Amino acid sequence: MFVPKTDNQSDLEEPCRNPGPWQCTICTHQNETSYISCELCGVLRNLSLYFNNAVGTEGGAKRRNKHSGVSVLARSLFSPPSPKSKAVVFSDGFQGNTNTTGYMQASLDALHETYMTHKQRRVNIVPFKFDTPSPDDMVSAGLKSFKHVRKVNAEAPSIDSVDIAGKKVMDDHDLVTQDAHTDPSSSAKLDELGGNGSSVDVHIQNKTPVLDDELQHLSLEGKPKNIKAKIKKPVSVSQYKAEPWMLQGEDQKMPRQLNLAIVGHVDSGKSTLCGRLLHALGRISKKQMHKNEKEAKEKGKGSFAYAWAMDESAEERARGVTMTVGVAYFDTENYQVVLLDSPGHKDFVPNMISGATQSDAAVLVVDASVGSFESGMGVNGIGQTKEHAQLIRSFGVENLIVAVNKMDSVEYSKERFSFVKSQLGMYLRSCGYKESAISWVPLSAMNNENLVTVASDTRLSSWYDGNCLLKAIDSLAPPRRDVSKPLRLPICDVVSSHMLGQVAVCGKVATGAIRSDSKVLVMPSGELATVRIIERDSSRLNLARAGDNIAIGLQGIDPIHVTSGGVLCHPDYPVSVASSLELKILVLDITVPILVGLQFELHIHHAKVSASLVKILSLLDQKTGKASAKKPRMLTARQAAIIEVKLEREVCVEEFSALKALGRAFLRSQGITVAVGVVTRVPEQVQV
Ligand code: GTP
Ligand code: MG
């Protein structure tokens, strides 16, 4: 066992004092002389650097290698939890615990972030051009679809005295959408289908094949091979009975988690709004904010200082564009809110899908400025205001707050706000949002107008007396949670080390509940693992229930068996695994018809897989929604059909009628979402 050094030797001197190749203490890999950390597992050559920081000295923190995630992960997962452990906050904001032996236990959140940074170290960055996706676009987008924002003040008080009105339980019913203004006759069909007939005016380059290649090449998760089944004979879900600990008990009065996706067109101000909100709620320290402001100004990006609270990577900051979903937390009176700040740029729609698929409700941020709102609506052929609104509706999100941002740039004009509301409102209704489920909030993220308190600028307060954004969030209808079904947790991200045999995953519990020390079945590999740690926002939990967005440390499983897009299940009730599917789809506004044989990218929860269209089984009648006898060889815009698709590899999936969260599908080709749909049948059950 490693014993931390106690002498005062210089951390940076160590490698020089023992020149020559060196063997990693943790994984035993032989490293070249010049490496200060292990090429294979990232552990520093001089292990004492990990512990010199624990005293919180400024110098120690500065010298600490920021790529030391694997070792931190190792210690966190393998050192036994101690009742005497105490929190340590490093001067650079990194948080962890020291136990009685002096080892550090870092939060999974911190580990995730640190280790993901380590992975990105291998990426060669080339000059960025939006029209031609660069390798780092692809790698960043694929390797890290999520980032957890840790620059928050853990002691921040929760907001009180927010008055709640008109609550009703949010119903996660079918994808009831329709383009009523263009084709009222097809309402029935679309209600039946669960899709959307509205236009998506996007022209996005297809980088999927390359992305997949890159991921195969770079991912540390590896690819499970010849996996032997370890699951017992599956039991029918109808026989499942929830145990008492899974049901809401004493903690029933606790605020519940609300997963809130922040979506909208590029540059509409999503990250600035999130940063401003967190700052106003005391979740970002003054020191951190000052640092962001100073650095943003130095880099000529002064207006992005608040956005930097969410956009943490060097690429995002240099480009002023969010690339991965930023995750941050704050509390209202009724909710523990998980903010999911999505990228708005068209190139990162797959990442946006990965985040928004977890959301219970959404804030659609719209730029009110003249020209910008119109561009989000697709006047120039590119409009993520429309695409995002449509996608999140297809995910089952019903309750929407439209934040009409940058009102300062239009002098807080009531007329402009009304124009935005009428234009966008019409489109949202066509997507299937109910008028009563949409709140419209005019605000200025930059000027902190109408975010957490009522508007103070008289140009706004003279005509608007509705909810500020925070109150609108707190007034959202509580999402429905299903703890009566067996555990299903779609894995969003995985942090793993092959050499050290440890793994941490994060995602939202779709159904059921999970608790520490329990066994879970990891699908599609069919391997069992033990839940070692459950965390939310760096706080340890004993259990989590449906709806909770959490990070989990798993033990007793080889990391190659844990992949993003997989699902953690109750050991007796495995999720279905399939390599072909029957889907009911609605074709969006495409210009090139979908032909049998088309290769596309299929998104189901966090799984992304190459697929091909094998058969069009039937066209759905425009008026009745019923299957017609026609079996066309191609599909055109706004047609609905039942199709059969073949997947390149198995995915975890459920029929939509059984579990909506695992039964929604999105078809993307050439960088465009070409169809949305639901899984109607899982014809071939792969025996794992
Ligand atoms: P992506 O994530 O890349 O889609 O962008 P975003 O929607 O997160 O936008 P971001 O927060 O990065 O802001 C884009 C620009 O809009 C920045 O220059 C901000 O300063 C500016 N901005 C954001 N909110 C406001 C606002 O309320 N008023 C004005 N005038 N500018 C704003
Ligand atoms: Mg952003």
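Here is a short tour, from the whole chain down to a helix pair and some cysteines.

A word on ground rules: this is a predicted model, with local features needing pLDDT of at least 70, side-chain atom pairs counting only at pLDDT 80 or more, and totals for chains, interfaces and linings using all residues. Residues are numbered from 1 along each chain as its sequence is written, chains are lettered from A and ligands numbered from 1 in the order written, and side-chain values use heavy atoms, leaving out hydrogens and water.

**Whole chain.** Switch to cartoon: the chain has 17 helices and 30 strands (DSSP runs, H or I of at least four residues for helices, E of at least two for strands, numbered from the N terminus). Of its 688 residues, 58% are buried, meaning under 20% relative accessible area with a 1.4 Å probe, protein chains only.

**Helix pair.** Now select 349-356 and 384-394, which are α12 and α14; their axes sit 10 Å apart at about 35° (lines fitted to C-alpha atoms over the stretch in contact, with angles from 0 to 180 degrees between N-to-C directions). Show side chains: V349, M352, I353 and A356 of α12 touch E387, H388, L391 and I392 of α14, a contact being heavy atoms within 4.5 Å.

**Cysteines.** Which disulfides turn up? A search of the whole structure finds 0, taking a disulfide as two cysteine sulfur atoms within 2.5 Å. Pick C492: its nearest cysteine sulfur belongs to C506, 5.0 Å away. C492 is buried at 3% relative accessibility. Finish at C431, also buried, at 0%.

Note on methods:
Buried means under 20% relative accessible area, exposed over 50%, partly exposed in between (1.4 Å probe, protein chains only).
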